[in-house]
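Subject: Structure handover

Hello,

Here is the structure I promised to pass on. Please open it first, then read my notes below.

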Amino acid sequence: MGEGRARTPALGRAGLPRPLSRLIPPLTMALPPTIFAVAALSFPLTVARLFAVPGPATTTWIAVLYGVPGVLSLVLTWWYRQPLLAAYSTLGTVAAATLVGHAGYAELRGASLVAGLLIFLLGAAGLSERVARWVPGPIVMAMMAGAILPYVAGMFTEAGGAPAVVGSAFLAYVLGRRFLPARIPAILPAVIVGMAAASLTGMLSLNRFRWLAPSLHAAPPAFSWTAVIAFAPVLAVLMSTSANLASVVYIRSQRYPASLRAIDVITGAASVAGSFFGFTPFCMASFLAAPTAGPDAGDHDVRHWSVYFSGVGFLVIAALAGTAADLLRIVPLSVLLALAGLALIGALSSTLQEALRGPLVVGPLFAFAVAVSHLSYFGIGPLFWSLAIGTAASAVLERHEVAVLNARGLLPDDSGGAAER
């Protein structure tokens, strides 16, 4: 697990960067993860209702579901001095609804434990690094662009329900891009103006907030053949390939020596431990790797601060687990999604450019199209198939281009960095 710890002097454990204004980009790029974290509360809350999870157990689940990734993000980023944002698999949480009527909440947690154990073993055996070498970076970039696109497009969809809020935020974003210095991201005035408009139009309901301290109640998971055989392998694929692998390939493309083996071992172990408190498919936040590790997060040596800020945001949500259901009533989901779409415009632009700048073209296009689609086979969603189909298309139709890409040193190697040729 120490293989990814080698750092350049720029990644050393120095104090606060100077000048402090260098922290503005990573601070503002922590907004998308925090916004999505709040918006994503709808997923576990829905699953909790479907499985009739009692109130105290739901509070425990939410607290662990956000608290553990918050701690993991802070510790991993501090230890490796790289932007390593952990989260839980929203795709896996959505897919858990397929077990309603076939398994209970305890069996769902058992499936999470088995999936975490599989990922732990995959990383410990070093097999995850071998898989990483098969997936070209442009394919991952295209997959991420496809995953981000619906949220950017959704900004205009949500404009119909909140035209004043979305319109004012969009105008502030455009004017910010035009007149603000490059060091101040345009999403910052967009969020300020958007939240002010939401307050003036009565869409922001702070009077509904009532804080209750979260409580933790452990309970052993249970196991059923249905959950372990039919769901745990699918969940492991989502966590390892669509999340951990995709994140690491992107982070390495930004010249950070991320260790896929270490990440699989750590997130797998966390998933096993967390299953005693809830359904906890912990992994890397794949489609949020672009805003937190990409150019929009500032200079290369300060981008990891975006994860520090995001991790603190996760911990705040965990502390509010006792009133999690009220959070989505305080700020309407439409407003959150619209602001998140604005925040991801830069990430969409950069990932599309990286995906299509060559030499691969056909594979990334297939990967992008599949990621945007609703393709699902064997209970596995489009992000996994995006990587699989895009990689297969390039392997068959762009063999020479893959060789050129490899010769340039842009494919990840076993040591956790980019291959130097």
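Of the 421 residues of the protein chain, 56% count as buried. Buried means under 20% relative accessible area, exposed means over 50%, and partly exposed lies in between (1.4 Å probe, protein chains only).

Some ground rules. This is a predicted model, where local features need pLDDT of at least 70 and side-chain atom pairs count only at pLDDT 80 or more, while totals for chains, interfaces and linings use all residues. Residues are numbered from 1 along each chain as its sequence is written, and side-chain values use heavy atoms, with hydrogens and water left out.

Overall make-up

The protein chain has 20 helices and two strands. These are DSSP runs, numbered from the N terminus: helices are H or I with at least four residues, strands are E with at least two. Contact means heavy atoms within 4.5 Å. Among contacts with a separation of 6 or more, 83% join residues 24 or more positions apart. The chain exposes about 17000 Å², and carbon and sulfur atoms supply 69% of that. Accessible areas come from the Shrake-Rupley method with a 1.4 Å probe; for residues, only the protein chains shown count as cover.

The core

The largest nonpolar core has 111 residues. Such a core is a set of buried Ala, Val, Leu, Ile, Met, Phe, Trp, Tyr and Cys residues joined through side-chain atoms within 4.5 Å. Tyr66, Leu84, Leu108, Ile148, Phe231 and Phe279 have the most contacts inside it. Helix α11 (residues 225-253) gives the most to this core, with 13 residues. Leaving aside neighbours within four places in sequence, Phe231 touches residues including Gly92, Leu99, Leu108 and Phe279.

Gln254 sits in the loop between α11 and α12 (260-274). Gln254 is buried because its relative accessible area is 11%. Beyond its neighbours within four places in sequence, Gln254 is in contact with Ala293, Gly294, Pro295, His300 and Arg303.

Around helix α19

Ser373 lies in the loop between α18 (362-372) and α19. Ser373 is partly exposed, at 27% relative accessibility. A polar atom of the Ser373 side chain lies 3.2 Å from the backbone nitrogen of Leu375. The C-alpha atoms of Ser373 and Pro150 are 9.8 Å apart, although 223 residues separate them along the chain.

Leu397 lies in helix α19. Leu397 is exposed, since its relative accessible area is 57%.

Best wishes

Note on methods. Polar contact = N/O pair within 3.5 Å; in protein donor to acceptor, adjacent residues only side chain to side chain.
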